[in-house]
Amino acid sequence: MKIQTILRGIRQADKRFGLIQPGDKIAVALSGGKDSMLLLTALRQYQKFPHTDFELVGIHVDVGFEEFDHDLMTEYCRKNDLPLHIEKTRIFPILQLEKNRGTQGQIQCSLCSKLKKGVLFETAKKLGCSKVAFGHHADDAIETFFMNMIHGSKAATFQPLQYMSRMQMDLIRPMVLLRESEIIQACQDNGIPSVRRVCPNDGFTQRQSIKDDLELVYRKYPMARDNFLTVLSNWDESGFWHDAAGSGNRPDQD
């Protein structure tokens, strides 16, 4: 798959959701995984498009996992003229301490995410960035939708453009209209590497469980993936229950 397919998806999301404005300085949250590595690569090329006058930097928050292969990521960025900033932290020792205090004996994903996000946005502000870009894609959005319904009792997913009021900065997701399969194929065809995951919780999260369950659904109902994605932007609140108190109306009957 040519990188142009990814660029078309980014262009479509940008135009549809108003993600990138002239003069922006965008920090890509670079985990070293396939999604963020492709996003940084694609946005570098997207800078060449007309009317896309923005700056770019990749920010990697170094949690402190000893096995993480920083050399693979840094060498790829160097060879492809991709600006990279590595922010070293002591997040892992904190996670280990909390793990030993807890009853489950596992690293807390929510705490890890909160700490990394805090460092990421503070570093982005320090570097003069106006927006932070995450590599979330369409399948991530669908999985989040189901996670929120199952575990949070709400029908919601993340937004392509979201204002983080505490940080006074926008969070954007330029690959939100792209499928994970497209991202995997584009990385393979264009020699974009990904660093091996070293988190001990990898493969044992609620998200991974939802991902596995959805794959079973897609095998049985191939059209479901497209329909789920359509639901996210074709929301009809009249299809949900509403309390009668204060409404004064009854729903129409067929």
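Helices (H or I, at least four residues) and strands (E, at least two) are DSSP runs, numbered from the N terminus.

The model is predicted; local features need pLDDT of at least 70, side-chain atom pairs count only at pLDDT 80 or more, and totals for chains, interfaces and linings use all residues. Residues are numbered from 1 along each chain as its sequence is written, and side-chain values use heavy atoms, with hydrogens and water left out.

Two strands pair if DSSP finds at least two bridges between them. Strands of a sheet pair through backbone hydrogen bonds, either parallel or antiparallel. Strand 2 (residues 55-62) and strand 3 run parallel, joined by five bridges. Ile59 has His85 of strand 3 as its bridge partner.

Helix 2 (residues 34-46) has 13 residues, which should span 18 Å at 1.5 Å a residue. The expected span is 1.5 Å times one less than the number of residues. The end C-alpha atoms of helix 2 are 18 Å apart, which agrees. Because 11 of its 13 residues are buried, helix 2 is largely enclosed by the rest of the structure. Buried means under 20% relative accessible area, exposed over 50%, and partly exposed in between (1.4 Å probe, protein chains only). Among the buried residues of helix 2 are Lys34, Asp35, Met37 and Tyr46.

Aromatic rings were also examined. Rings of Phe, Tyr and Trp (its six-membered ring) pair if their centres lie within 6.5 Å; planes under 30 degrees apart count as stacked, over 60 as edge-to-face and the rest as tilted. Tyr46 and Phe54 form a tilted pair, 6.3 Å centre to centre with 45° between the planes. Both Tyr46 and Phe54 are buried. Tyr218 and Phe228 form a tilted pair, 6.3 Å centre to centre with 50° between the planes. This pair links helix 8 (residues 206-220), which holds Tyr218, to helix 9 (residues 224-233), which holds Phe228. Tyr218 counts as buried, at 9% relative accessibility. Phe145, Phe146, Tyr218 and Phe228 form one aromatic cluster.
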